[in-house]
Each structure stands twice: as C-alpha cells, then as structure tokens.
Amino acid sequence: MTDPPSDHKLRLDRWLWAARFYRTRALAAVAIDGGKIQLNGARAKRSRMVTAGDILRIRKPPYEHTVVVRGLSERRGPPAEAQVLYEETADSRAARERLRAQLRVQPNATYEGKGRPTKKDRRELERFKRGG
C-alpha cells in the first residue's frame with residue numbers, strides 16, 4: 001500500500017479494484033454505472049475521486065457493505081494489504097451476519113426431476129401438445 005499525502009485522491013473504480021471488491025476495473029465500472037455503489041450517500045460515477053474518510057455503500061447481492069475508506073493504493077495487492085484500505089462499520093457487519101444466518105436456515109431450491117424425458121414421456125408431451 002502506498003502512503004499518500006493527505007490531499008491524494010484516487011478514482012472510485014480503481015479504488016474498488018485495489019480494495020478487492022471487484023476482480024477487474026471493468027466489473028467495478030459496471031457496478032458503479034448500475035447504481036450499486038454510493039459515495040457519501042449519493043450515487044457515484046466511476047471517475048469520482050475517493051479520499052480517506054469517505055463512506056462507501058457497496059451492494060453485492062445478497063450482501064451490502066458499508067465501509068469507511070482508510071487508505072488509497074495505486075495497485076492491487078494481496079488480500080491482507082487490501083483490507084487495510086477500508087474499515088467496515090459495525091452496523092454493516094452485524095446486518096451481513098444476520099442475513100448470512102437467515103440464508104443458512106433457508107431451504108435450498110433443488111431440482112427433483114430425473115434428467116432427460118424418456119421416450120414414453122416424450123410421446124405423452126407430444127400427445128398433450130397436439131391436444132389428443
């Protein structure tokens with residue numbers, strides 16, 4: 001992580017990429033353009049400059065992260081280095097844990113069919129389609 005001066009700024013899409021919220025800057029840009037990212041409570045553009053102390057709301061379904069920018073980096077480093085760039089708020093962390101617990105107890109939708117239809121099933125489907 002670079003140790004920038006206090007007046008240093010970085011593009012929002014670049015910061016999201018460096019902080020490892022998105023794998024590529026293009027994916028970060030799509031999320032920003034889609035309204036999934038808010039900077040200081042307002043919808044942001046990808047070229048918006050981020051500074052230390054800014055508050056970001058990042059919606060990556062099904063979770064939502066609210067983070068405070070703590071640092072800026074020009075390059076994407078390892079995950080441990082990326083976690084130094086931000087601090088998640090306590091409310092955001094608690095809400096994410098509650099949602100994770102709800103999703104864990106929710107039943108999974110599973111396919112109950114047995115694969116491709118048999119020859120008999122196909123004949124019945126054809127008879128049904130013809131109305132006979």
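**A sheet, its helices and its core**

The model contains an open sheet of 5 strands in the order S3-S2-S5-S6-S7, with antiparallel pairing. The edge strands are S3 and S7, since each pairs on one side only. Strands of a sheet pair through backbone hydrogen bonds, either parallel or antiparallel. Two strands count as paired if DSSP finds at least two bridges between them. Helices (H or I, at least four residues) and strands (E, at least two) are DSSP runs, numbered from the N terminus.

This is a predicted model, in which local features need pLDDT of at least 70 and side-chain atom pairs count only at pLDDT 80 or more, while totals for chains, interfaces and linings use all residues. Residues are numbered from 1 along each chain as its sequence is written, and side-chain values use heavy atoms, with hydrogens and water left out.

Gln 38 has Arg 43 in S3 as its bridge partner. The loop between S2 and S3 holds Asn 40. Phi of Asn 40 is near 55 degrees, a positive value in a residue other than glycine. With a relative accessibility of 43%, Asn 40 is partly exposed; buried means under 20% relative accessible area, exposed over 50%, and partly exposed in between (1.4 Å probe, protein chains only).

The next topic is helix H2. Which residues of H2 are buried? They are Ala 28, Ala 29, Ala 31 and Ile 32. These residues cover an arc of only 160 degrees around the axis, so they lie on the same side of H2. The arc is that of the directions from the helix axis to the C-beta atoms. An α-helix has 3.6 residues a turn, so residues three or four places apart point the same way. The face of H2 turned away from its buried side carries the exposed residues Ala 26 and Val 30. Among the elements that cover the buried residues are H1, S2 and strand S3 (42-43). After H2 comes Gly 35, whose phi is positive, near 80 degrees.

A nonpolar core is a set of buried Ala, Val, Leu, Ile, Met, Phe, Trp, Tyr and Cys residues joined through side-chain atoms within 4.5 Å. The largest one here has 21 residues, and those with the most contacts inside it are Trp 15, Leu 16, Ile 37 and Leu 56. H1, H2, strand S2 (37-39), strand S5 (55-60) and strand S6 (63-69) each give two or more residues to this core. H1 gives the most, with 4 residues. Beyond its neighbours within four places in sequence, Ile 37 is in contact with residues including Leu 12, Leu 16, Ala 31 and Leu 56; contact means heavy atoms within 4.5 Å.

Aromatic rings come next. The whole structure has 3 aromatic pairs. Rings of Phe, Tyr and Trp (its six-membered ring) pair if their centres lie within 6.5 Å; planes under 30 degrees apart count as stacked, over 60 as edge-to-face and the rest as tilted. Phe 21 and Tyr 86 have ring centres 4.9 Å apart and planes at 45 degrees, so the pair is tilted. This pair links distant parts of the chain, with Phe 21 in the loop between H1 and H2 and Tyr 86 in S7, 65 residues apart. Phe 21 is buried, with a relative accessible area of 8%. Together with Trp 15, Phe 21 and Tyr 86 form one aromatic cluster.
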